[in-house]
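Q: Could you walk me through how to read the features of a model like this? I would like the general idea and then the case at hand.

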Amino acid sequence: MEQVSEIALTPERYIDERVKQYQGWYDRKSVVMKNRYLRMRAFTVVGGGLVPVLINMDVDLSIRGYSVIKLMVTLISLLVVIFVSLESVYHYREQWKNYRSTEQLLGHEQFLYRAKVGPYKGLDSKEAFLQFVERVEDAISAENAATLNVMTLAVEAADEGRKKRNNGA
């Protein structure tokens with residue numbers, strides 16, 4: 001009979017290989033989504049403020065017969081619309097918040113487990129570890145579902161936009 005060697009999943013191994021890995025991933029993704037959201041938001045606010053100012057400027061500057069002010073206003077307005085549309089499709093703010101809150105939750109859960117407080121108070125080591133794994137995996141699963149929901153809404157919004165354009169609405 002063949003003997004199967006099992007590598008025990010110890011709490012330290014689980015924390016190092018699973019929890020810390022996910023914390024790092026959520027932290028990196030959170031930073032990326034936050035940067036995207038804040039940059040796009042800042043541009044839309046500044047661009048939205050610049051357009052009326054530029055329109056009211058009495059400058060007669062042109063390149064090859066095209067008004068520089070009109071070109072700038074058109075370009076800024078186009079970029080503002082694109083950035084607002086991208087945010088409404090990809091929901092960078094919601095993704096940033098989901099990733100950050102999950103990363104924080106994993107750290108909080110790890111602290112509770114190591115301190116043997118909260119849901120781990122009074123449990124023996126094995127029960128506490130099993131509950132810790134279950135709670136961590138539930139948190140990861142919940143975040144995955146939330147991200148999938150956000151991305152599904154993004155795809156549905158894009159599909160709806162295409163349908164409207166194709167129908168001439």
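Predicted model: local features only at pLDDT ≥ 70, side-chain atom pairs only at ≥ 80, totals over all residues.

Q: Which residues of the largest nonpolar core touch the most other members?

A: First the general idea: in soluble globular proteins, nonpolar side chains tend to be buried together. Here the largest nonpolar core has 21 residues, and those touching the most other members are Tyr14, Leu106, Tyr113, Phe132 and Val136. At least two residues of this core come from each of helix H1 (11-55), helix H3 (92-115) and helix H4 (125-166). Another core, of six residues, lies apart from it; Leu54, Ile69, Val73 and Ile76 are among them.

Q: What does Tyr113 touch, leaving out residues up to four places away in sequence?

A: With those left out, Tyr113 touches Pro11, Ile15, Tyr120, Ala128, Phe129 and Phe132. Some of these names return in an aromatic cluster: Tyr14, Tyr113, Tyr120, Phe129 and Phe132 form one.

Q: How many aromatic pairs does the structure hold?

A: The structure holds 13 aromatic pairs. One of them joins Tyr14 and Phe132 in an edge-to-face arrangement, 5.8 Å centre to centre with 85° between the planes. Because Tyr14 lies in helix H1 and Phe132 in helix H4, the pair ties together parts that are 118 residues apart in sequence. Tyr14 is buried, with a relative accessible area of 4%, and Phe132 counts as buried at 0% relative accessibility.

Q: Where does Tyr120 lie in its pair with Phe132?

A: Tyr120 and Phe132 form an edge-to-face pair, with 6.3 Å centre to centre and 70° between the planes. Tyr120 sits in the loop between H3 and H4, while Phe132 is in helix H4, 12 residues apart, and the pair links distant parts of the chain. Tyr120 is buried as well, its relative accessible area being 0%.

Q: Now for a charged residue: what is the nearest side chain of opposite charge to Glu87, and how far away is it?

A: Glu87, found in helix H2, is buried yet has no salt bridge; Arg93 is the nearest side chain of opposite charge, 6.7 Å away. A salt bridge would need the charged atoms within 4 Å. Not counting residues up to four places away in sequence, Glu87 touches Tyr37, Met40, Tyr92, Arg93 and Glu94.

Q: What about the backbone: where is Arg64, and is it buried or exposed?

A: Phi of Arg64 is near 55°, a positive value in a residue other than glycine. Arg64 lies in the loop between strand E1 (62-63) and strand E2 (66-67), and it counts as exposed because its relative accessibility is 81%. His91 also has a positive phi, near 50°, and is likewise a residue other than glycine; its place is in the loop between helix H2 (68-90) and H3.

Definitions and conventions
Residues numbered from 1 in each chain as written. Heavy atoms only, no water. Core = buried A, V, L, I, M, F, W, Y, C linked by side-chain atoms within 4.5 Å. Buried < 20%, exposed > 50% of the residue type's maximum accessible area, 1.4 Å probe, protein only. Helix = DSSP H or I, 4+ residues; strand = E, 2+ residues; numbered from the N terminus. Contact = heavy atoms within 4.5 Å. Lys, Arg positive; Asp, Glu negative; His and termini not counted. Phe/Tyr/Trp six-rings, centres within 6.5 Å; stacked < 30°, edge-to-face > 60°.
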